[in-house]
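Subject: Handover of a structure and its findings

Dear colleague,

Please find below the structure that I am handing over to you.

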Amino acid sequence: MIKKIEHTAIIVSDMDHTIQYYSDMFGFKVRLRGSSKTREMAFLYLEEQPGMEIELIRDIDPLDEYNKSGIVNHLAFAVEDINQAISYYEKKGIKFLSDQPKSTLEGGLMILFYGPNGELLQLIERARN
């Protein structure tokens, strides 16, 4: 029945700043952006993986607000070399939550940091077989 994960939604406070962050830091592009009376939304994608998107939501009408303490814990980005990625993103201003990557259950490496709206983000290097 389920064919794929479609998107992950993130509640944002400043749409322009958030789009700029995900574009500059990670290379995301805007597929669609628009608004209604109650909310502004944008869908971002990576050219290498156009079938999975990030949906950004900014509530205009606070009475019709999404729950900011939702169930989703973090958004993970796969990288080839985590130490190279850490160095690259530190130069772009990212402050990681630990000094070194931590081991994953399957033998890879991961490190966490926060995005511009307090969303928890993760870089992950899969274990090499």
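**Overall make-up**

Please bear in mind throughout that this is a predicted model. The protein chain contains 2 helices and 8 strands. Followed along the sequence, these elements come in the pattern β-α-β-β-β-β-α-β-β-β. Of the 129 residues in the protein chain, 37% are buried. As to how the chain meets itself, contacts between residues at least 6 apart in sequence were considered, and 47% of them join residues at least 24 apart.

An open sheet is formed by 4 strands, in the order β1-β4-β3-β2, with mixed pairing. Its edge strands are β1 (7-11) and β2 (29-35), each of which pairs on one side only. On average, and with direction ignored, neighbouring strands of this sheet are turned by 20° against each other.

Helix α1, residues 15-26, packs on the sheet and touches β1, β2, β3 and β4 (49-59). The direction of this helix makes about 5° with that of β3.

Within the sheet, β2 and β3 (residues 39-46) are antiparallel partners, paired over 6 bridges. A hairpin of 3 residues leads from β2 to β3. In this pairing, Arg33 stands opposite Ala42 in β3. As a general point for reading such a sheet, side chains in a regular strand alternate between its two faces.

**The segment before β1**

Lys4 is placed in the segment before β1. With a relative accessible area of 45%, Lys4 is partly exposed. Which residues does Lys4 contact, once its neighbours within four places in sequence are left aside? They are Gly51 and Met52. Lys4 and Gly51 are separated by 47 residues in sequence, while their C-alpha atoms are 8.4 Å apart in space.

**The nonpolar core**

The largest nonpolar core has 27 residues. Those with the most contacts inside it are Tyr22, Phe26, Ile54, Leu56, Phe77 and Leu123. At least two residues of this core come from each of α1, β3, β4, β5 (75-78), α2 (82-91), β7 (109-114) and β8 (120-125). Which element gives the largest share of the core? That element is α1, with 6 residues.

Apart from neighbours within four places in sequence, Tyr22 is in contact with Ile10, Gly27, Phe28, Leu44, Ile54, Phe77, Pro116, Glu119 and Leu121.

**Salt bridges**

The count of salt bridges comes to 8. Three of them are described here, beginning with the pair Asp16 and Arg33, whose side chains meet at 2.7 Å, N to O. Asp16 belongs to helix α1 and Arg33 to strand β2, so this pair ties together parts that are 17 residues apart in sequence. Arg33 counts as partly exposed, at 39% relative accessibility.

Arg33 also forms a salt bridge with Glu40, and here too the closest N and O atoms are 2.7 Å apart. Glu40 is buried, its relative accessible area being 13%. Through salt bridges that share partners, Asp16, Arg33, Glu40 and Arg58 are joined into one network.

Another salt bridge is made by the side chains of Glu53 and Arg31, at 2.3 Å, N to O. This pair links distant parts of the chain, as Glu53 lies in strand β4 and Arg31 in strand β2, 22 residues apart. Arg31, by contrast, is partly exposed because its 46% falls between the limits of 20% and 50%.

**Points to keep in view**

Another is the core of 27 residues.

With kind regards

Key:
Residues are numbered from 1 along each chain as its sequence is written. This is a predicted model: local features need pLDDT of at least 70, side-chain atom pairs count only at pLDDT 80 or more; totals for chains, interfaces and linings use all residues. Side-chain values use heavy atoms; hydrogens and water are left out. Two strands pair if DSSP finds at least two bridges between them. Axes are lines fitted to C-alpha atoms, for helices over the stretch in contact, and angles run from 0 to 180 degrees between N-to-C directions. Contact means heavy atoms within 4.5 Å. Buried means under 20% relative accessible area, exposed over 50%, partly exposed in between (1.4 Å probe, protein chains only). A salt bridge is a side-chain nitrogen of Lys or Arg within 4 Å of a carboxyl oxygen of Asp or Glu. A nonpolar core is a set of buried Ala, Val, Leu, Ile, Met, Phe, Trp, Tyr and Cys residues joined through side-chain atoms within 4.5 Å.
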